[in-house]
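User: I have a model open and want to learn how to read its local features. Can we go through some of them?

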Amino acid sequence: MTQVTIKNNAAIACMRDSGALLAQVFKALDEQVKPGVTTLQLDQFVEHYIVDVLGATPASKGQYGYPYAINTSVNEVVCHGMPSARCVIADQDILNIDITLKHQGYIADSSKMYVMPKACETARALVDDTNTALWRGIAQVKPGATLGDIGQAIGDYARLKGLSVVREYCGHGIGTQMHEPPEVLHFGRAGIGLTLLPGMTFTIEPMLNRGSHRVKTLNDGWTVVTRDRALSAQAEHTILVTPSGFEVLTLREEEKAAGFTACGLQAKCNVQAQ
């Protein structure tokens, strides 16, 4: 396996800054996501905010030839949904917005689910359960734990809720490059896989489906949908392994207000109680 990069204090400080900036992007975006808005308008807003307001770079644009600043994945779209002037957000939709931001040479990556006012209870439950699954995985992160601990925590919770875990896409190391080793699977067995060390940074980003875990890529070469067209949801944060546990580098304001902390003390209590 390719060597995993252990970040030094200077790199960690840069990643903290990028993560905090990305949290600001989501705070600004929250007021823009509503029925009647196109996903292309959201992309244009985010690119303007990252570049002109924050003085940073939308890391996804141009990566592997991708032409937009964000991914917008609506309803049965699992990931990599492309913004479009033809995609108008409807009252009953759920959508994931995935954003990467580069600042001072370091990248932060996070995604958030948005639930429209008339979304059904099944859709709302899927979004809630996906967020909880993410935090179940995050709560496993500490020196000496393994990637399998993360995968099993997420997979076990998904099965408990009757959901399937997408297998073709996973979390990843991140730093000066968007995708670095290791791969972070969202299923697995505790005690198996890479042992975590302080200074590692990676994303955890489970994608959970209401139906089968099987997916397919559309003809645009990017958009991934559920094969059975069942609803899908994703949640993602960039994580740092600290000497005593973890730090969520992309923690958002509404999560802090709900009692979650970057080092996860309150978050662990909340997640394990559900």
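User: Is His80 buried, exposed or partly exposed?

Analyst: Keep in mind that this is a predicted model. Buried means under 20% relative accessible area, and exposed means over 50%. His80 has 27% relative accessibility, so His80 counts as partly exposed. His80 sits in the loop between β3 and β4.

User: What is the phi of His80?

Analyst: Start with the general idea. Most residues other than glycine have a negative phi. His80 is not a glycine, yet its phi is positive, about 65°. Gln104 is another case to look at, with a positive phi of about 55°. Gln104 lies in the loop between β4 and β5. At 47% relative accessibility, Gln104 is partly exposed.

User: Which peptide bond is cis, with omega near 5°?

Analyst: Most peptide bonds are trans. The bond from Pro181 to Pro182 is cis. Pro182 belongs to strand β8.

User: Why does Glu180 count as buried?

Analyst: The cut-off is under 20% relative accessible area. Glu180 has 12%, so Glu180 is buried. Glu180 is in strand β8, residues 180–184.

User: Which backbone nitrogens lie by a polar atom of the Glu180 side chain?

Analyst: The nitrogen of Gln177 is 3.2 Å from such an atom. For the nitrogen of Gly175, the distance is 3.5 Å. Beyond four places in sequence, the contacts of Glu180 include Thr5, Lys7 and His172.

User: How many residues does helix α3 have?

Analyst: Helix α3 has 18 residues, 121–138. From first C-alpha to last, α3 reaches 26 Å, close to the 26 Å expected. Its buried residues include Asp129, Trp135 and Arg136.

How values were computed: Residues numbered from 1 in each chain as written. Predicted model: local features only at pLDDT ≥ 70, side-chain atom pairs only at ≥ 80, totals over all residues. Heavy atoms only, no water. Helix = DSSP H or I, 4+ residues; strand = E, 2+ residues; numbered from the N terminus. Expected span 1.5 Å × (residues − 1). Buried < 20%, exposed > 50% of the residue type's maximum accessible area, 1.4 Å probe, protein only. Polar contact = N/O pair within 3.5 Å; in protein donor to acceptor, adjacent residues only side chain to side chain. Contact = heavy atoms within 4.5 Å.
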